[in-house]
Amino acid sequence: MSNMPINKTTQIGPKDGYNWTLTEFEETVQMSTYLVAILVSDFKCKSGVSNSSYSNVDVKVCARPNAEDKLDLALNSSVDILGFFEEYYKVKYPLEKLDHAGVPDFKYGAMENWGLAIYREVYFIFDEKSTQTTEINVVRIIAHEISHMWFGNLVTPKWWDDLWLNEGFARFAEHVGSDAVKKHWRMYDRLFDLLLGVIQSDSTEETRAVSSDVNTPEEIDANINPTITYGKGSAIVKMLSYILGDDTFRNGLKNYFETFEYQNVDQSDLWRIMNEQMKLENKSHGVDLLPVMTSWTKQKGHPVVTIKRINDTHISVKQNRFLTDSTVSGLSDTFWQIPLSFSIEELGSSGQSLTNKINSTNLFDKFLWISNTTEETIINLNRTLTDSNFLIANLDMAVFCRINYDEKDWKIIAEQLLTNTQELSARTRAQLISDVFSLSQALYISPEIALNHIRYLENELDYLPWSVFLERVKYFTGQLDSTEIYIPFKKYLQKLVKPYYQKLGWIDNPVTDDWNDRVVRNRLVEFACQVELADCLSQARSIYNDFIDSGIQINVPSFLYRVAFCSSIEQGNDADFEKLFEKIKNTDSNLKSSMLYGLSCSKSTANLNKYLNDQMSSNSVISAIRNVLSKPSGVYVAWNFFKQNWENIYKDGSGISGIVSDLVKKLKTQSDLNDIESFFSDKNLTQGDRESLNVAKNQLLSNIKWFSQEFNSIKNWTSGLNIGNQVNYRLPTNLIPNSYDIKIQPYIGDSWKDKAFTFDGAISINFTCAEPTKKIIFHAIDLDLDTDTFTIESTDDNEIEKMFTEDKITNFIELNLKKECQKGSDYVLKMNYTGSIIKNLYGFYRSSYKNELDETEYLATTHFQPTDARRAFPCFDEPALKASFKLTIMRHKNFSSSIFNTPLTKSSPNGDWFEDEFAETPKMSTYLVAFVVSNFKKITNQTSKGIEVEVFGRPEKIENGEGDFSLRESQLILDFFENYFNLPYPLAKSSQIGVPDFNAGAMENWGAVIYRETALFYNPKTDALVNKQRVSSVVSHELAHQWFGNLVTPDWWNDIWLNEGFASWVEYLGVNYTHPEWNFLDLFYVQKLKVMELDSLESSHSVSFDVNDPGEINSLFDKISYDKGSSIIRMMNAFLTEKTFRSGVSDYLKDFAYKNAKQDDLWQYLTNQSYVDGSLDKNLNVKDIMDTWTLKKGYPYVMVERKYAEKEMVLTQKWFLLNPASKIKDTEEYNNYKWYIPFTFTSLEDPIFDFEKKPTWLEPDQKEVKISTQNIDDESWVIGNLKHSAFMRVNYDQDNWDLLIEQLKANHAVIDPINRATLLDDSFNLGRAEIIDQLLFLRITQYLANEKENLPFVPAFIGLDYIGNMIANDYFAYNNYKNYIINLMNSTYQSLGWDDVSDDLIDLQISTLQLMCSFGFEDCITEARSRFDDWINNDIALPSNFKILIYSTVVKYGDEETWLNLYQKAIGISDNTEKLRIFRGLASSREASLLSIILNSASDKNIIRSQDETSVISYVAGSPLGRKLAFDHLEDNWDELFERHGDVSFTLSSLIDSVTKYLNTNSYLLRLVNFAERNSNLGVTKKAFEQAIENVQFNTRWTMKNLNSIKEWLNSNL
Ligand SMILES: [Zn+2]
Ligand SMILES: [Zn+2]
C-alpha cells in the first residue's frame, strides 16, 4: 500500500525460490516528502465508501489478519468523518482513496501520510472488551488524521516552526470531527477538559511559545510536544474560530485551501486570508489578525485578566502574565491582544444557559479588545450593576486565559451556582473551577474563595466540572493532608462528593449511566475512598475481602481493584497488609500490579519499607516508590528509602528525573528543601535530571510559600465550616447501655509469633432501646470485629445483620437490626473481636522493664481517659453513658497477676491459662475502666473502715520498700476523704499500680489507679523530699477523684476543668492531713504562680469550653484546667467558707452518685447551702459568680486607690494582661471584661489574715466600689486579697506601696507569709505589665535579707531569675546583679548552710544553695565539690536533696573530664529518677559540644526513656547557651519529636515553653514565627506556639524598656 491507488500489479518469479509481486502506484499530486508512505504486509482490510455532496471516496481500514473483526469502529468512523470534513471545509478530498492501517509498532499515535494514514494498533482496533478510552481514542485520532488531509497535506507549512499550526488545527478539528459522528460523547466538552489541563501546564516559567525556531532534526523532533504544540495550538485555532464566528471561519478556510492548494505557507498567510474573509463579510471592525495572533503564537505563557468593579457603572480590566509559581514574578511588560467576551447576569435567573447564548449571538460585537498594555483600563458599562448582578467573562473559554473577578463577583457566582447550578453551562462551571484553583494556588485570590466556590459541587452531577475538580483539588489535598485541619477538610469533601458518587457507584451501568459519567467513574471512586466516604470504604473492603479470602473477582475495572486494595490496606491493620503481601507472592493474577499498589497504601512505615525493599529486589522499585509517594503517610518513607538506596536506584546513570521530580514536589517544608540540596549536592546527575530537579525545587518553594501564606486562612475557613456543619462526634441517644460482660485474652510477649501483642476479646453489651431504631451505633477503633459472631438476644425475635460500617473520624461502628428495636426493651449484643496491645501509651498497651536477670519483662496495661476505652472493647464511649462492667481475663501462667477495678472473685486454671473473674462494678463511665496483666508484686493494708488498699509494682520496687510510703498515704487519705466528703468509699478495694511507662502522672481509674512510677514509689534512701511530696500529692489527687469524678462524673468533657480543678484543690487538703508539717495549704499559692502567668496572656483560654472531637478533648487537660481550676475552687472555698463548701459538695455527691452532672448542678447545690448557712448574700449566687471565672479567660487586678483626705479607698477592677503592648486594651471588650470579685483586706490596725474573711464584692456592672477607711491611720498600710484567696492581683497607690515596703523592712512578720509572697509576685508582674515601675519589685526584694520563711522566696526567685535571664547578655549589668543577689542571700545561706533543716525549709535551702552556687559563690562551689569528691572517691552518698545542685555545680565549674565521667555514670545507671537528676546536672555545662551530647542522647531510647526525652531537652534550655542549642535542636528535629510525642498534649507544649521562655531578641522571635508557620503539623502544640511567640515579643520589649533603669538601680544599691 502507498499514498496513491495501485496502478499495476505484476507477478514475478519464482525468483530466488520465492514468488514476488511487483506493485506500481499512480503518481502522487505535488506533496511533501514527509507525507510519503509505503506499507508491505499481509494485512486484511475492510472497505467502505464515504458520501458527501462533494465526492465519493473509497475508504479502507487494514490490520493484521486476526484483528480483522475489530475494525468496524475504525471503518465506520473514517467513512463518516471523511464525509463530514468535505462538508465542513467545503472542499473536495483531494485524492481518490483514503486508506488507514493499524500497525503493531509505531512511534507516534498515528501519521497522516496523504491517502495512507498509519496508526499505532492500540489506537485503531476496538471490540466490546476494549475500554471506553480506547473507543474514544480510535475515533478522535482518525478524525485528527483525516483533518490533516487538507490542513497540512493539501496546504503544508513551509517549515517546521509552524508545526503548531498544523497540529493545533488538527487537535481542534479532531474534536469537531468526532463530535459530528458521536454527538453523545460531547467531544467539544472533552476539548475543554483537555485545554484546562494545557493552560495549567502553560503556567510555569519553563513553558515555551507554540511557535519556535527549529533547525536540527533534534529540535524538530522536540517540537512535537503534545501539550504546547498540539494543545495550546488548538486553543489558538479555537480562539480564531470564535473571533470570526463559525461561518466566517469556515469560509476563510475554504478560501485558504483554494488559494494555496499543493503549495506551502507560513502562519501569516492564514491570518491574511482570514483578514480578507472578514473584510469580505464586513466583520473586521478594524481588527488586524496578524498582531493579534502573533501575540499568542510567538510569546510563551498566557494572561490572567482581572476584572474589578469600580462603582456601579464602571469596571476596570487589567492583564498580566499568569504564573502559578508565585515565587517568580511574570514579565511585567508581556501583554496579549485579548478579545474578551463577557456577560452580565442576574443572580438566581434561570433562563437560557450561557453556552446557548454564546452560540446564538454574534459574539464579535461583544468583544472588548484589551491590548497593548498591562495597565488598568476603565470600562463604562453604560448600565447599572446591582448587588445581584454578576459578571461572567471569557465565555466558553474563547480566549486561552484566566479570569479573576473581585471578591464580590466571586461570591455572587458561588451563590448562583448554589441556587441554580444549571444556569451556567457545564463548560463554564468547569472553567470556573479551574480558574479558582489556579488563582488561589498563584496567590491571586484567597483560598477561601476557592473553597466557597466548590460548595456547589453537592449539586453538581455533570462529569465535566467533576473531571476538572478531581484534577485540581489534588493541590489542596496534597498541601493539607498532613495538617490538623485535614479531618474537617476531608469531611467537607466527603459531603461534596457524596451525591455524585451515589449516582455513579462502582460499576458501569449501561442503563443509568450517562456515557460521560464513565469517563470520570474511576477517578471519582478513588477520590471518594481517599476522603473516606463510608460507603466507598465498605464497598472497597467487601471487594477486597471477596478477592483475598475467597478469590472472587467481580466485574469492576481493574483500576477500581487498585482503589479497593488501596483503601482496604490504608484503613486496615497489619494483618491485612500481611495477607495481601503473602498473596502477591504466589499469584499470577492480572490484578498483581493493583495488589502491589494496594500494599503501598499502608499507613505503617514498617509495612511500607517492607514493600519497598521487596520491590527493590524485583526491579520495579521506581514504580513502587511512586506508589508509596502517592499517599500522605508515604511521602517521607519514600523519600528516605530513595536516599538510602540511591546507589541501586541510580544504577545506569539517568532516567530518574521523573521520580526525582515527583518526590521533590511532594515534600513540604524548608528543611525538606535543605535536605534535598544537601542530598543532591554531591550527586552526579545528567543535565536533564538536574534541570528537572530544579523545576521541581521551584515548585516546592512555591508550595512552601503558598502554604505559609494561606494556611491560616484555610484553617479559619475550616473552623467556620465546623460551626455550620459540624461533624457529630456524639452518639445518638436511642440506645442506653446497662452492662458489659467482657472477656479478654491477651498474648503478651514476642514468643506468641503471629499473635504476639494481640488479644482476643468477647463482649456482650446489654442495652435498653430508648427510642425505636434499626441502627446500633457505638465506638470502636482499631479492633477487628468478627461479623460471623454478631448475635443479638431480644424478646422480640430481632436479628442482626452480619456486617457493619465504620466511620474512621468519629470512631462510630454501625450495625443494623433486621427490624426496629422496641422502646423500653433490653437487648444483648454479642461479638468476638481481636485487637493489638499497642506500643503507644493509650488504649490497651504494653510496657516493660528489666527484671533481676536483666531480661525484658512485659506487661499489658490500660489508659482510657478520655476516649480510648474504644481501643480495648466496643463500647458506648461517652462519660455519661454509665454501665456496670464484668470482666474475665484469660491470664497466661507466665504472669502472676491480673488487676481490675474490682476484686478478683475467682481464678480457675485452664491448661496454660488462668481464668480470672472479677466482681461486677457499680455503674461507671467507660474511661474509668482499667486492667493490668503483669508479674507485679503487691503489698496491702486496710483503712480504718476495712477497705483493702493495695500497692502494685515491679518486684524490685516492692521488695525495696519503695511502695511502703504510698501504701500508708493511700490508707490515711482514703480515711480523710471519707470524712471530708461524708460519704463511704464506694468500692471494696483500692489498688495503686505503678507502671514503668505512663504518660500522665497518674489516672484515677475507679478502684485501680495507675501511676507513673515516680508518682507512686518513694525511696527514702535516695529520693528527695520533693519526690516524697509528689507521691503524696498525686495519691491524694487520684483518691479525691474516686468520689469527685468517678462516683459523680461530668456529663461531658467540657466540664473536665471542674473534675480536675476540684481534685487539684482537695489534694492539698489530703496532704495537709497526712503531713501538716509540710504546710501545704500555704504552698498552694506559690505552686500556682505559673498558671497566673499563663492566664495573663492573650493566648490563654477559659477553663470551660465546648469540645467535640478527641483532639479537642485532649487539649483540655492542661495547666489552665488543673491549676486555674483548682485556684478558683479554692477561692470558692474561701468566700463560701469551708463548712458551706463541704456540705454543698457532699450533698451533690450523694444526690448524683453513680450518675452524671454538669457544673451548674454543683453551683446550685453550693448556692442552696450558702443561703442556708448565710455565707452568701441572697442577691448573689454561685453560678453568676463562677460563670465570670469559668467562661472567660484571664483574671483581674484590683486597683486600691486610697483617698487619704477623704478617709476612703476606691476599688476598681481591670483585666490583668501581662503584655503591655496588647491591642485589646484599646477595645470596648477590654473595658467591659469584668468579674465578680470577692475582695478581702486588712490593715496595720488589724493584722489578721483570715482565709474565710467575709469579702466585699466587686460586681461586673459596678464602675468602682468605695470603702471607708475611717479606722485606718494615714500612716498605716492596707493590704488586699488575704492569703491570696481570690485568683487575682492587687495594685495600690504609690504611698501605700511605700508603707508596705517600710513594714517589710521594719518587721515583715506582721504580714502573713502568703501575702508577703503576693506582694513580691504582684509587684513583679504589675511591673512587667508596665502598670507600675519594675524597680518596685527590686525594692521589695531588699527585705529578703531578713526573711526566714520559704514562701516569699518562691515568687522572689522567679522574679530575680527572670531579671537575671533578661540581662544575662549585658556583662556589667549581670555582674552587678550577681553581687546584689549574693549580698542579699548571704545571711540566708549562712543560716541554712548545708546541713539538715526542717522539712518546711528544705525547699528554701535547696533554692538558696542553687542560687548561690549558680552565681559562683566560692563557699558554695567548694562545699558542693567536696561532697562530690567524697561520693566519687569514698563512696559516701550524696545528700539526696542536693544531688541536682551538686551535679550542676561540679559540672558548671568543672572540666570536661568531670563531665564525661558523670555522663558515663548516668548512662550506666538503672534508676531512672537518678539518671534524670544527673542529666539535669550535666545540662549546666557551659560547653556547646557537651550540651549537644545531651541533646543527642535525649532521643536515644537506650539512654533516655521516650517519656523523658522532652524533659532532658528542656534541662539543656536552662542557660543562655543551652537555650540556643535547644532551640536549634527543636527546629531540626521537630518532625521526629512530633512523631514521638505529638499525641500527648502536655509533653511538647511544656518543652516549647521551657525552651523559649527566656528568649528576648527579635531574631529569635523571627525564627519562632517562621518555625510555627513552616510546620503545618503543630497539632496539640499550636497553643503553646502562640504563647511562646507572645512571650518572646514580650521579653524583647521588657529588656529594651528596663535594662537601663535596672543598671542604674543596681549601681546605686550595691
Ligand atoms: Zn497531527
Ligand atoms: Zn485528676
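I began with a term: two strands pair if DSSP finds at least two bridges between them. I kept in mind that this is a predicted model.

**Entry 1: a strand pair**

I looked up β39 and β40 with that term in hand. In β40, Thr 1212 is the bridge partner of Met 1199. I also found Arg 1202 standing opposite Met 1209 of β40. Strand β39 covers residues 1196–1203 and strand β40 covers residues 1208–1215; they pair in the antiparallel sense, over 8 bridges. Their hairpin has 4 residues between the strands, and there Lys 1207 takes a positive phi near 55 degrees.

**Entry 2: the sheet around the pair**

In what order do the strands of this open sheet stand? I read the order as β44-β40-β39-β46, 4 strands with mixed pairing. The edges belong to β44 (1265–1268) and β46 (1289–1292); each has a single partner strand, so one side of each is left without a neighbour in the sheet. On average, neighbouring strands here are turned by 25 degrees against each other, direction ignored.

I then checked what packs on the sheet. Helix α42 (residues 1313–1328) does, touching β39 and β46, and its direction makes about 75 degrees with that of β46.

Back at β40, I followed its link to β44: the two run antiparallel and are joined by 4 bridges.

**Entry 3: the zinc ion**

Which protein residues are donors of the zinc ion (ligand 2)? I found His 1037 (NE2), His 1041 (NE2) and Glu 1060 (OE), lying 1.9 to 2.1 Å from the ion. Along the chain, these donors follow the spacing H-x3-H-x18-E. His 1041 belongs to helix α31 (residues 1025–1041) and Glu 1060 to helix α32 (residues 1056–1074), 19 residues apart, and this pair links distant parts of the chain.

Are His 1041 and Glu 1060 buried or exposed? I noted that both His 1041 and Glu 1060 are buried.

**Entry 4: two helices**

Last, I turned to helix α12 (residues 426–441) and helix α14 (residues 463–480), which pack with their axes 8 Å apart, at an angle of about 10 degrees. Angles under 35 degrees count as roughly parallel, and α12 and α14 are therefore roughly parallel to each other.

I looked at who makes the contact: α12 brings residues including Ile 433 and Phe 437, while those of α14 include Val 468, Phe 469 and Phe 476. By class, I noted 11 nonpolar, 4 polar and 3 charged residues in the contact of α12 with α14.

Key. Residues are numbered from 1 along each chain as its sequence is written. Chains are lettered from A and ligands numbered from 1 in the order in which they are written. This is a predicted model: local features need pLDDT of at least 70, side-chain atom pairs count only at pLDDT 80 or more; totals for chains, interfaces and linings use all residues. Side-chain values use heavy atoms; hydrogens and water are left out. Donors are N, O and S atoms within 2.8 Å of the metal (3.2 Å for Na, K and Ca); water is not among the atoms, so sites may look incomplete. Buried means under 20% relative accessible area, exposed over 50%, partly exposed in between (1.4 Å probe, protein chains only). Axes are lines fitted to C-alpha atoms, for helices over the stretch in contact, and angles run from 0 to 180 degrees between N-to-C directions. Angles under 35 degrees count as roughly parallel, over 145 as roughly antiparallel, 65 to 115 as roughly perpendicular and the rest as oblique. Contact means heavy atoms within 4.5 Å. Ala, Val, Leu, Ile, Met, Phe, Trp, Tyr, Cys and Pro count as nonpolar, Asp, Glu, Lys and Arg as charged, and the others, Gly among them, as polar.
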